[in-house]
Each structure stands twice: as C-alpha cells, then as structure tokens.
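Here is a short briefing to read with the model open beside you.

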Amino acid sequence: MGRKDSISSGDLTDTHYYILLSLMTPMHGYAVMQKVEDLTEGHVVMGPGSVYTMIQKLLKAGYIKPSEQAAEQRKSYVITNQGIDIFQKELKRRKKMVEHGENALQMKGEQLP
Amino acid sequence: MKKTKYMTSSGLAFSEGYDMKRLAKKSLKGWHLQKFGFLGYTLERGEPMAVEYELDYNEQPDADYFQLFQDAGWEHICSGGAMHIFRAPEGTVKIYSRKADKRDVYRQEQKKFKSYAVFCLIIFTVLAAFLWAVNTFYPDLTTLTVLATVLLLVWTFPTVFSTFPYIGYTYKVYRLNK
C-alpha cells in the first residue's frame, strides 16, 4: 500500500496498543477481543474484521509471531522482542503525554482528575 | 411452496450497504441468504429472524479467519471469489469497528480493479479506433465492419465490469477518507 500506515510510522493506535499488551501472553484472536473489551470496560470494542486485519499487520511488521501453543484449535499469537521494544517506546510516549497534560492543568491551577 | 428464490444485486462495489439491508429485510420475512447467484443471491425459506448481514473481502481466507468471525458471532454464509458474506443477530458488533480498516479493504479492491480497468479500456479504445478506421476507409468491407462491431460489443462487458467497480471502490475510499 502506498500510504504509510500508523504501524510503520512508529506511533501505535489505541487498538494496536491494546492488542500488543494482550499478547504479552499467547492467545488467539477472539481471546484478544474479549480481553481488550474486559480490560477497557467496553470502551475499546473491536470487530473480527478489524482484529484480523490488525493481527496480519502486526505479524507483517514483526511485532507479534504465531505461538506454538494452539488453543482450542485456533491459531495463537505472542509478542516478539521487537514488539516489546516498540511497546516500551509507545508507553514512554504516552506517559509523556499524560505528564504534559498534568503540568498544563497544574499551571492553570486546576485539579487533576 | 417454493423453497428458494432469487434476489438481484445492483453490484457490490456500489450497493454493498443497500444489498446487506435488503438481505436483512428478507430474513425478517423468512427468506435467508444461501449463496451467491448470477448477478444476485439465492435465498432459502426458513423461520423469520432479526439479523444483520456484512460483507468482507479476503483473497486467501484460512480456517482461522472464519473461526474468528464465528467466535465473534458472525456466521459465514457464502463466498464468491474474494467476497465473503456473514450473518449475525441484530446488534452484534460490526466486523469493522475501525473506519481505517474498512477503508484499507476497499483500497485493495480499488487497486485490483484499477489494473483490470486500465487494461480493458486500452483494448476497448483500440477496438473502437479499429471500427472507426474500417468504417471510414473501407466502407465496402461489410464483413470486417460486422466483425469489428461484434468485437467491440463483446469487449464492452469486461470493460464495464472492471471500470464500474473501480469507480465504486474509489468512491467508497473517498467517502471513508473524509
């Protein structure tokens, strides 16, 4: 595809972020969907088409790989070292964003949420 | 009483949403999608159900692809080439929860049909020019004129069936990019 998608340009979208953190333990696509939904209390809900596409992209980028542990006759995936690297960078970036937000609120003399 | 009936499609590159809604309406009346038919669908008689239909494109679907959709509540009904139609109870989470993913799917189709359309349009132009040349320079050669006309008419079909989908997918990508 001609246009750069968010994966190759570095920043992870919220959904990629949640998929990667779910795959710290090996699991199959549907388990990822459920885990993310539970974890975010329904704020991040993904359809199967989106999950399938994102898993394919993360595989292609080398951030996840198929896991040997097949669960319930379904293919499982797990994060790679490269994926952990990217995730650490992303976490740092998001922490910085929170810090900037908090500083801005404090400077204005407003309460932190 | 008839067990199956036929429903036309206006071309999935254009009328995906419209077709899927019509299929859902038919299901509500007890006519459920069974398979793709010639330029349309075959429906089979059953109990009325409140369901939704969705279309997805996948050139090389594996068992895991269908399993994931199944797990998420989307039953695979039929496939035609790279197109797959799924059915789920009303209110199930859409298969593409992110607009960007849906757009990428259309973008791939757009790319595929672009090469077909360009190829067909080039041949079409050559055939049209040939017909024009025969008519202009050799008006007496009736057999050749007839042959050129027939060739052009026959070639119109692949041209239309590649150019129109290309326009359809281009429009869809444009809409989702807004």
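**An exposed loop residue to start with**

Glu41(A) has 7 other C-beta atoms within 10 Å, so this residue counts as exposed. Please keep in mind that the model is a predicted one. Glu41(A) sits in the loop that links H2 and H3 of chain A, and its phi is positive, about 50°, although it is not a glycine.

- To find Leu39(B), look in the loop between strand S2 (31-37) and strand S3 (40-45) of chain B.
- Is Leu39(B) buried or exposed? With 10 other C-beta atoms within 10 Å, Leu39(B) is exposed.

**Chain A as a whole**

- Chain A holds 4 helices and 3 strands.
- Going along the sequence, their order in chain A is α-β-α-α-β-β-α.
- Chain A has 113 residues, and 27% of them count as buried.
- If you take the contacts in chain A between residues at least 6 apart in sequence, 45% of them join residues at least 24 apart.

- Helix H1 of chain A covers residues 14-22, and its buried residues are Thr15(A), His16(A), Tyr18(A), Ile19(A) and Leu20(A).
- What covers these buried residues of H1(A)? The cover includes H2, H3, S3 and helix H4 (81-107) of chain A.
- Leu23(A) lies in the loop between H1 and strand S1 (27-28) of chain A.
- Why does Leu23(A) count as buried? Leu23(A) has 25 C-beta neighbours inside 10 Å, and a residue needs 20 or more to be called buried.
- Leaving aside neighbours within four places in sequence, Leu23(A) is in contact with Val32(A), Ile64(A), Tyr77(A), Val78(A) and Ile79(A).
- Leu23(A) and Glu68(A) are 45 residues apart along the chain, and 13 Å separate their C-alpha atoms.

**How H2 and H3 of chain A pack**

- The axes of H2(A) and H3(A) are 10 Å apart, and the two helices pack at an angle of about 110°.
- That angle makes H2(A) and H3(A) roughly perpendicular, because angles of 65 to 115 degrees are classed that way.
- The crossing of H2(A) with H3(A) is right-handed.
- On the H2(A) side, Gly29(A), Val32(A) and Met33(A) meet Val51(A), Tyr52(A) and Ile55(A) of H3(A).
- Sorted by class, this contact of H2(A) with H3(A) has 5 nonpolar residues, 1 polar residue and no charged ones.
- Val32(A) turns up here in the meeting of H2(A) with H3(A), and it is also one of the residues in contact with Leu23(A).

**Where chain A touches chain B**

- How many residues does each chain bring to the contact? Chain A gives 16 residues and chain B gives 18 residues.
- On the side of chain A that touches chain B, helix H2 (29-39), helix H3 (48-61) and strand S3 (74-79) of chain A each supply at least two residues.
- H3(A) provides the largest share of that side, 6 residues.
- By class, the residues on the side of chain A that touches chain B are 8 nonpolar, 6 polar and 2 charged.

**Domains of chain B**

- Chain B is split into domain 1 (4-89) and domain 2 (99-177).
- The centres of domain 1 and domain 2 of chain B, taken over C-alpha atoms, are 28 Å apart.
- Between these domains of chain B, 4 residues of domain 1 are in contact with 7 residues of domain 2.
- The side of domain 1 of chain B that touches domain 2 of chain B has 3 nonpolar residues, 1 polar residue and no charged ones.

**The helix pair H3 and H4 of chain B**

- Helix H3 (residues 99-137) and helix H4 (residues 142-177) of chain B pack at an angle of about 155°, and their axes are 6 Å apart.
- H3(B) and H4(B) are therefore roughly antiparallel to each other, since that class takes angles over 145 degrees.
- H3(B) and H4(B) make a left-handed crossing.
- The contact of H3(B) with H4(B) divides by class into 24 nonpolar, 9 polar and 7 charged residues.

How values were computed:
Residues numbered from 1 in each chain as written. Chains lettered and ligands numbered in written order. Predicted model: local features only at pLDDT ≥ 70, side-chain atom pairs only at ≥ 80, totals over all residues. Contact = placed C-beta atoms within 7 Å. Nonpolar A, V, L, I, M, F, W, Y, C, P; charged D, E, K, R; others polar. Domains from an automatic or database assignment. Axes fitted to C-alpha atoms, helices over the stretch in contact; angles between N-to-C directions. Parallel < 35°, antiparallel > 145°, perpendicular 65-115°, else oblique. Left-handed = near helix turned anticlockwise from the far one by under 90°. Buried ≥ 20, exposed ≤ 12 C-beta atoms within 10 Å, placed from the backbone.
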